[in-house]
Amino acid sequence: MEAHEEKPIIYTMENKPIVTCAGDQSLFTSLYTSLAQQLPKEPMEWRRSYGRAPKMIHLEANFVQFKEELLPKDGNKALLTFPFLHIYWTDCCDTEVYKASVKEDMQRWQNILRLHSSVDWLIVVVESDAKKKNKTNILPRTSIVDKIRNDFCNKQSDRCVVLSDPLKESSRSQESWSSFLTKLRTLLLMSFTKNLGRFEDDMRTLREKRTEPGWSFCDYFMVQEELAFVFEMLQQFEDALVQYDELDALFTQYVLNFGAGDGANWLGSFCAPVRSWNGLLLRRPIDMEKRELIQRGEASLLDLRSYLFSRQCTLLIFLQRPWEVTLRALELLHNCVQELRLLEVSVVPGALDCWVFLSCLEVLHRIEGCCDRSQLEANCSHTVGLWTYATEKLKSLGYLCGLVAENGPTSEDLNRTVDLLAGLGTERPETVNSMQSPYKKLKEALSSVEAFEKHYLELSHAAVEMYRAIGRMRSARLVGKSLAEFYMRKGDPERAEGFLEESLRLYVAEGWSLQVTHTRKQMAECQKLLRQTDDYLQTSALLAGDANLNQEERTHFCQEILSFASQPPGPSDQTVALSMAAFAQLRQLQFSPPGAVVHVGAALQLELRVRCLMPVAVHVGQLAATLHFSLEQGGARGRAGSSQRRPGQGPQGQGDGVVLFPQGSPLSGAGCSLTPALELYEMQDRSPSDSSLNSAGVVCKNVHLLLRRHDSNASLDTPTAGVLPAAVAVDDGAQMLRARDVTLQPGDNSILFTAPTGEPGSYTLRQLCGSVGRVQFVQSHIYPVVQYEVYSQEPQLTIEPLSDNLLAGIPQRVKFTIATGHYSIKKGDALQLSNTDSMPILHSSRCSATILSSTGGQLPSPHEHMGERALSIQSSEKVTSISLPPTPPYHTLEFQLEVLCHIPPAPLKLDSERLTNGEVRHRSKSRSHADSAMIHIDQKVSIDCPWSIYSTLISLTFYVPFKAKHTLLSAGRRKYIQVCLQNVSDSNFHLADPVLVERQPTTTVELLSLNAKRQQLVCSQQSLFCLWEMRWAKDLPPCLQCEFSASFVPISALDPPAAFKTYRYEFQLDRVSTLYSVKAEICPASGDKHCRTGTLCGLEVSITRQAEPSETEGEEEESTEIEGLKTTKLMYEVVDNSSNWAVCGKSSGVVSMPVAPSATHRVQMEVMPLFAGHLPFPNIKVFKYLPHSAAQVIQPDTDSCLENDNLSLLDKGLDDQGDTASIRSRGSVHSVGSGEQQREQQRGLPMPRLEPFSPGQVFNWTQGRQVLVLPATDDHVMEVNVT
Amino acid sequence: MAVCIAVIAKENYPLYIRSVPTQNELKFHYTVHTSLDVVEEKISAVGKAMADQRELYLGLLYPTEDYKVYGYVTNSKMFRKLHNSFTDVMCNPFYNPGDTIQSKAFDGMVSVMMVQAS
């Protein structure tokens, strides 16, 4: 018994639930095969407690002979050895036999079961026909079964089943088997449910006691594992795994609590120092050794974890989840290391590395054992972590045991190795025969430097390959870098270089500065060993400027460069070109003058601000920028001249002449440079015939940038790129900006360059190169583009007025400006101005010129005063000669002259030409100024300049300050002339002596001035009116030629009063005398004293002839003779534009005026006032009515009717000599005269026409008269509705 | 609590990275950078499977012996705070997207989330 308990029969999971068999053993043996086969054939549904999902389960059983020892004693909770069902087999069919022996046997069996309170039993009665036949005294079949049921199955009749002819192939037999098996399964499951349920309850109770002092995790572990075993036995691996995971979690929680200061007593056993580190063992389903350790409470943490994981692993592999094993393994290994640390378990240095290494390989071997190659390759991502972990651990072991050192291990190292190997113990029997066991690998690797290298490289390369295969490039690079470190330790920089380079490139490309710095430092070391001078210097430069390093390190790398630079070069040594980017950054560049556009030979300075990245001051022998020279733009500018350049607009496009260089931080800069933004545009291809869309697409414009190899992209940043591009080669022939012996301090420095400006053209900065001894720092491109321009300018003369407008008639100052450009004015050079009569040049002796030096730029004060020189001006008859003072090139000469433009007598005729000296024709045009109504005169001046054989024509515009207007006024027969003189300029004037004279004086007319004042002030935009009365003795001449003249002088506070000038205005008056007078009277309705609104009033118009038409006037006025009386036809019209009056009935008509003095024609009309008050009289207009020469009736064609109804109506009316109706629109009459004339001309048809009289020919007496209109008496009725 | 918090730009360079014990800074940088492998893997896997694109939590990225690297969010509300703070940084009109983050507020938020170095 004792022995049995100590050594359970579980070594493999070939276990099945135990079913004991009592009774007829031979009978059972004969049926065993069938039974064992049939039982698992059909699944049964297992309904479970605690809401767990029901499961279909295939039952198997281990049928053993019934022994009392098999029954568990009280307290033994072992489930695996627990007999779940007890079966009693009998084929007894004889009552006697039953009574004699079988019953007794059964009774004993039952008693034993009852003693152990086992209620899971079954009695099987096997019946066979064969047996029955042999016996004669057979009772009916049922009787024996009934007896048994009666005897044993108290109310449990289903505990006794009959199996009929089990060995026969009959349907009855099959049926019997089937029902028996169902019963058997049902009972088994019932037993499981009951017993497992009880077990679980016990287990939970135990778990709840975990806070009690005596509680042991190991004991509990054993209990729960028992459950796991049973689940596993029932092939419920998932459930089994859950048990282990629960144990795992429970343990983990305890360790964590321990770490948090809440320690459990039982944990003490796990805190024992680690003495064995032989790794996981996954080749056995159950590692009994470890299990026993746990059972005895002697397991270390690693033992417990190893055992637990081996069980989980086994179950996961049963569940075909090998990849979960790898994930859990990595987690476990990490976790164990952490837990040992947390529990402060003392571990020999390196022991854990051994354990982890062995474990990793063990897991990998286990996985390899259950997966095929293709599966493994497809799931690299799951295994690679373990590979890397193993590699890391081997590496650290190698470092620990002195296997990586160049000189091999020391004796201390060897001792350590021996200790570590001792902890491995002996190899486990499972792997003794395996050549590649983890144990053997580790032992071998630790045995010698060579073996270590072999194993380490093998593992590393495997890891790198796997990472590459699954695209984890960063991880691959990290392993690679680790390899590089290994090679460097081994003194093999050649091999290290490649790995370092790859890693560095990745870190630079992704902008991880700390990694970049770290790797670069390793790279520097490597390059130094490899004697790659250029690369080493480049790397050193980058490190010297690396902000991640401390000052000391940076200074070290800087000194490396400086000491190399100061070495005298050997005969074959060339200078070393390094990238400027590592050495210094361009910050900004400032041009002085800021426009960066200067004339040939002018001074142009460039101030370059450079941030030196070196930690110490560096003396630069020469800092030079090569220039690219091109003629194109400079030439164009030279021709354009300086005046067309907008100030402050240099080639840089900025007004301040400052070029800022973009400062991407090294991180983001690298990050961004990786992926330039796509520049896409749409492309559509249309058919040429009907422009239908053939195809559409998207085109990438910057393919060349995007598809560029990234390697070459960062070539200058990665020092290993080797030779710098050819463009860096410093071109000595080109023009340069140079600064010698510059000491660059750390941080910002300012360097001043003087730019060459020898030739006109465009200069572009291309490369920047700083020479420090043998080392040259080169920046091959300067971006943004920096350029300046040198121009050559032609001399130029401009003349500008000093004031806004030049006024004609008054002396005006104009400024002469000569930009000398490239021409230098020598002594004796003179400007020759052609004199004109209309614009004399008024010069005085005190004329002087100012010479300004234009310093070529657009500085706030662009001109520098150079001094004043006297000018000598000589005038001859035709030419005014101005001798210029000597002036150097690119200077400005300024002087002022006074000119006077005579006002031509107004009104000016268009295109009046002014001949000057006969050689040049000056054409002065006068036009009306659009807004201010000023008349202006364009005066051209022809100047011969000393630098040109051609004359320069310069146009000056003068404005006439006055505008005159005349009006003829009449009063009856008396005539007055009014002249209005308007000051249209912005100046104020004094006007004096307005005089009006006849140009060809006649004795008949006398002009009597009615103007009082002699002198009058006329302010800007004001007018002066002058009036003369005309008196004549006999007849008025038909035409009067007059000339108005007035003296004016500008009023100025500054200048002394100047002499009066005369303004003249000529005009002509025609048809002065009054022919007709029109008089109108409005009479109120009869019986009323006043007119009233709404009441018709009489309007009497009388037209009286004042004078006979003179000879000349008669030509125009058509007169006809009717019945011997000479008459003139007039048309009158009453118009009231202000809608005061309604004209009722006819409003216009034609009258015939007899050609006799004082002939009067009266017309009566009716008008109605529309408003009350003093109403002005309606207008009465009189026209000349000229019938067509042939007095025939014209029938207007229908077209014209349609075209213009109004006109044709009027035409008809007029032709019929009838009176037009008042419905005719008033406005149409105006158009009649001109319109009809046009029509007549157009059509060539004779039509009557209207012609207005000249002003003064008709005198209207009622002009301005008003009549009182009273409101109508009772038209103020207000209707009010109240609702 | 976190020992290292990094915000990585989509071009894989660090917008912000801060770790607790200064002496381990380089190691943290290496670890964070290497775990980008897994981020890329997970993101591309999400794209393939057309899974819920809003699921921003990438989970455990890169377990190491000493630390675990989580992508985007841990099981606490830690990341939500970080994300909100990051959004604030992005909303700053003076912040140029792509630049490293130098916001003091963000720094403060990160400090709260980190293990306080004793």
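# Questions on a predicted two-chain model

Student: Where is the place of A:Ser1047 in chain A?
Tutor: This is a predicted model, in which local features need pLDDT of at least 70 and side-chain atom pairs count only at pLDDT 80 or more, while totals for chains, interfaces and linings use all residues. Residues are numbered from 1 along each chain as its sequence is written, chains are lettered from A and ligands numbered from 1 in the order in which they are written, and side-chain values use heavy atoms, with hydrogens and water left out. Helices (H or I, at least four residues) and strands (E, at least two) are DSSP runs numbered from the N terminus, and by that numbering A:Ser1047 belongs to strand 42 (residues 1039-1050) of chain A.

Student: Does A:Ser1047 count as buried or exposed?
Tutor: Buried means under 20% relative accessible area, exposed over 50%, and partly exposed in between, with a 1.4 Å probe and protein chains only. Contact means heavy atoms within 4.5 Å, and, neighbours within four places in sequence aside, A:Ser1047 has contacts that include A:His990, A:Asp993, A:Phe1060 and A:Thr1062. Because its relative accessibility is 15%, A:Ser1047 counts as buried.

Student: How many residues has the largest nonpolar core?
Tutor: A nonpolar core is a set of buried Ala, Val, Leu, Ile, Met, Phe, Trp, Tyr and Cys residues joined through side-chain atoms within 4.5 Å. A second, separate core of 65 residues includes A:Val814, A:Cys847, A:Tyr959 and A:Val1072. In the largest core, the residues with the most contacts inside it are A:Phe63, A:Trp89, A:Phe180 and A:Phe217, and its residue count is 151.

Student: What area is buried between chain B and chain A?
Tutor: The contact takes 26 residues from chain B and 28 residues from chain A. Buried area is the accessible area (1.4 Å probe) that two parts lose on being put together, summed over both. In chain B, the residues that lose the most area to chain A are B:Tyr30, B:His33 and B:Glu65, together 32% of what that side buries. Carbon and sulfur atoms give 56% of the buried area, which is about 2,400 Å².

Student: Which residue of chain B meets A:Arg472 in a salt bridge?
Tutor: A salt bridge is a side-chain nitrogen of Lys or Arg within 4 Å of a carboxyl oxygen of Asp or Glu, and the count between chain B and chain A is three. In one of the salt bridges, at 2.7 Å from N to O, the side chain of A:Arg472 meets that of B:Glu41.

Student: How many residues apart in sequence are the parts that A:Asp120 and A:Lys194 tie together?
Tutor: A:Asp120 and A:Lys194 form a salt bridge whose closest N and O atoms are 2.9 Å apart. A:Asp120 counts as buried at 5% relative accessibility, whereas A:Lys194, at 34%, counts as partly exposed. Since A:Asp120 lies in the loop between helix 3 (95-115) and strand 6 (121-127) and A:Lys194 in helix 6 (residues 171-208) of chain A, the separation in sequence is 74 residues.

Student: What order do the elements of chain B run in from the N terminus on?
Tutor: Chain B comes to three helices and four strands, and 40% of its 118 residues count as buried. From the N terminus on, the order of its elements is β-β-α-β-β-α-α.
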